[in-house]
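Hi,

Here's the structure I said I'd pass along.

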Amino acid sequence: MNETKTIKIAPSILAADAARLGAEAEKVEKGGAEWLHLDIMDGHFVPNLSFSAQVVKALRPLSKLFFDVHLMISDPSKYLDDFIDAGADIITVHKEACGDDELKEISERLHKRGVKAGISVKPGTPPESIKALMPYFDMVLVMTVEPGFGGQSYISDMNDKIKKIAEYSAADFPDMIIEVDGGINAETAAQAAKSGATVLVAGSSVFRAADAAKAISEIHTAAEKAIVG
């Protein structure tokens, strides 16, 4: 089954030059990325602050990439419409931020507005906790670092979680997107893809590379080889 999957690279603009976000988004689009990952942090759910919906809105006319908005915030329901209106193509919320009923309501609101819905789990959250929620979502995002800061090392223990979610997906949700975020480079991309991930978020390894296009290509190639290998 894995042989038919296509890997997508989603550079995380959190690692970009903040003074040149438009140019940075253009750079990775020209470099072969398919998605742009936008981390939204509130300083409460995670110990850091990042972008607002206004930044997403400002970037939207500058890029044709699929906008992958990751809400690492405590009250995502309150801000959904802001990010939908800003141009998000998919919005991901955290399992740890809401109760299950609220997560289902979030999914319904997003789908009614024509936006895909994602659910994310931190490293310490077991995959079993989201199995019953998977029918409501288009994507599961597995955090392979503790969320909040870029530049961390990939937690290889998360490969088992990716595999478990991929098993759930293969059995009941064949169109489910499985995304991983944290510490992705050519080496760890291979681990994630082999475990079942189909979208790879890469921050520092792309935006801080001397040649972003080469870095994207190397990550993509390593992941594809791991799948067929």
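The crossing of α6 and α8 is a right-handed one. Keep in mind that this is a predicted model. The two helices cover residues 186-195 (α6) and 212-228 (α8), and their axes cross at roughly 35°, coming within 8 Å. On the α6 side, the contact is made by A186, A189, A190, A193 and K194, and these meet E218, I219, A222, A223, A226 and I227 of α8. Sorted by type, the residues of that contact are nine nonpolar and two charged, with no polar ones.

Next, N159, which sits in helix α5 (residues 158-172). Is N159 buried or exposed? It counts as buried, because its relative accessibility is 11% and the cut-off for buried is under 20%. The side chain of N159 has a polar contact of 2.5 Å with the side chain of Y154. If you skip the neighbours within four places in sequence, N159 is in contact with Y154, Q191, A192 and S195. Of the partners of N159, Q191, A192 and S195 bring us back to α6, which spans residues 186-195.

The last one is A25, found in helix α1 (residues 21-30). A25 has a relative accessibility of 1%, so it counts as buried too. Which residues does A25 touch, leaving aside its neighbours within four places in sequence? They are I13, L36, L59 and L65.

Cheers

Technical notes. Residues numbered from 1 in each chain as written. Predicted model: local features only at pLDDT ≥ 70, side-chain atom pairs only at ≥ 80, totals over all residues. Heavy atoms only, no water. Axes fitted to C-alpha atoms, helices over the stretch in contact; angles between N-to-C directions. Helix = DSSP H or I, 4+ residues; strand = E, 2+ residues; numbered from the N terminus. Left-handed = near helix turned anticlockwise from the far one by under 90°. Contact = heavy atoms within 4.5 Å. Nonpolar A, V, L, I, M, F, W, Y, C, P; charged D, E, K, R; others polar. Buried < 20%, exposed > 50% of the residue type's maximum accessible area, 1.4 Å probe, protein only. Polar contact = N/O pair within 3.5 Å; in protein donor to acceptor, adjacent residues only side chain to side chain.
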